[in-house]
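Below is a short note for a colleague, in numbered points. Please read it with the model open.

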Amino acid sequence: HKTRSQTVFGNGNLDAKAMIVGRDPGEKEDHAGFCFVGNSGQRLNMALKKAGIRRDSLYITNLNKCKSVNNKGPTEIERQACEKWLIREIELVKPERLILLGNEVCRFLLGEVGAITRISGKKYFDINLKLYLFPIFHPSYILRKSNDLELQDKFDLHIKNAILGEI
């Protein structure tokens, strides 16, 4: 918590059918106080726009509520401190679908089912949470692979299908 300027809780539609979960706030999110407002958020917005999905129809949050040191991701202690907040957000919003962005979020909510490269775009059901989980590449990964047009299209399609429940 030493490098954060504020805690960044989720925001969006409290009646959303789909909730997007990222790893932790970045620098821009830490300053703005909202999830996915930096480059990854812009890439996510592009996928939403292509799919005809309004961002304000979703609830968007992160597993960790504070910016991690040097963007290394949350430590186990930090993750444990924040996981109760994510579970509470899920209980309050009651989405039908969780869109899990990236490896770390998938490991936390799905366990060790495999690398994101193998599970992206698939559908899982969580018997405890009683909802569907959709692992998808994190937008930051998609940005780093900007020359891979097939991956770009696949990301856009996975976002659309997961949010609309078409997987």
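1. Buried means under 20% relative accessible area, exposed means over 50%, and partly exposed covers what is in between, with a 1.4 Å probe and protein chains only. By that scale Glu-76 is partly exposed, since its relative accessible area is 44%. Glu-76 lies in helix H3.

2. Some ground rules. The model is predicted, so local features need pLDDT of at least 70 and side-chain atom pairs count only at pLDDT 80 or more, while totals for chains, interfaces and linings use all residues. Residues are numbered from 1 along each chain as its sequence is written, and side-chain values use heavy atoms, with hydrogens and water left out. Helices (H or I, at least four residues) and strands (E, at least two) are DSSP runs, numbered from the N terminus.

3. Helix H3 spans residues 76–93 and also holds Lys-84. Lys-84 is exposed, at a relative accessible area of 55%. Between the C-alpha atoms of Lys-84 and Ser-57 there are 24 Å, for a separation of 27 residues along the chain.

4. How do helices H2 and H7 cross, and at what angle? The axes of H2 (residues 39–51) and H7 (residues 149–164) come within 9 Å and cross at roughly 65 degrees. Axes here are lines fitted to C-alpha atoms, for helices over the stretch in contact, and angles run from 0 to 180 degrees between N-to-C directions. H2 is therefore roughly perpendicular to H7; angles under 35 degrees count as roughly parallel, over 145 as roughly antiparallel, 65 to 115 as roughly perpendicular and the rest as oblique.

5. Contact means heavy atoms within 4.5 Å. By type, the contact of H2 with H7 has seven nonpolar residues, one polar and five charged. In this count Ala, Val, Leu, Ile, Met, Phe, Trp, Tyr, Cys and Pro are nonpolar, Asp, Glu, Lys and Arg are charged, and the others, Gly among them, are polar.

6. There are three aromatic pairs in the structure. Rings of Phe, Tyr and Trp (its six-membered ring) pair if their centres lie within 6.5 Å; planes under 30 degrees apart count as stacked, over 60 as edge-to-face and the rest as tilted. One of the pairs is Phe-125 with Tyr-132, which is edge-to-face because the planes are at 65 degrees, with the ring centres 5.0 Å apart. Phe-125 is partly exposed at 48%, and Tyr-132 is partly exposed at 34%.

7. Another pair is Phe-137 with Tyr-141, where the centres are 4.9 Å apart and the planes at 15 degrees, so this pair is stacked. Phe-137 is buried at 8% relative accessibility, whereas Tyr-141 is partly exposed at 25%.

8. Which residues other than glycine have a positive phi? Phe-36 is one of them, with phi near 55 degrees, and Lys-130 is another, with phi near 60 degrees. Most residues other than glycine have a negative phi. Phe-36 sits in the loop between helix H1 (27–32) and H2 and is buried at 5% relative accessibility. Lys-130 sits in the loop between strand S5 (124–126) and strand S6 (131–136) and is exposed at 63%.

9. Val-113 belongs to the loop between helix H4 (103–110) and helix H5 (116–119). Its relative accessible area of 30% makes it partly exposed. Leaving aside neighbours within four places in sequence, Val-113 is in contact with Arg-118, Ile-119 and Tyr-124. Arg-88 is 25 residues from Val-113 in sequence and 24 Å from it in space, C-alpha to C-alpha.
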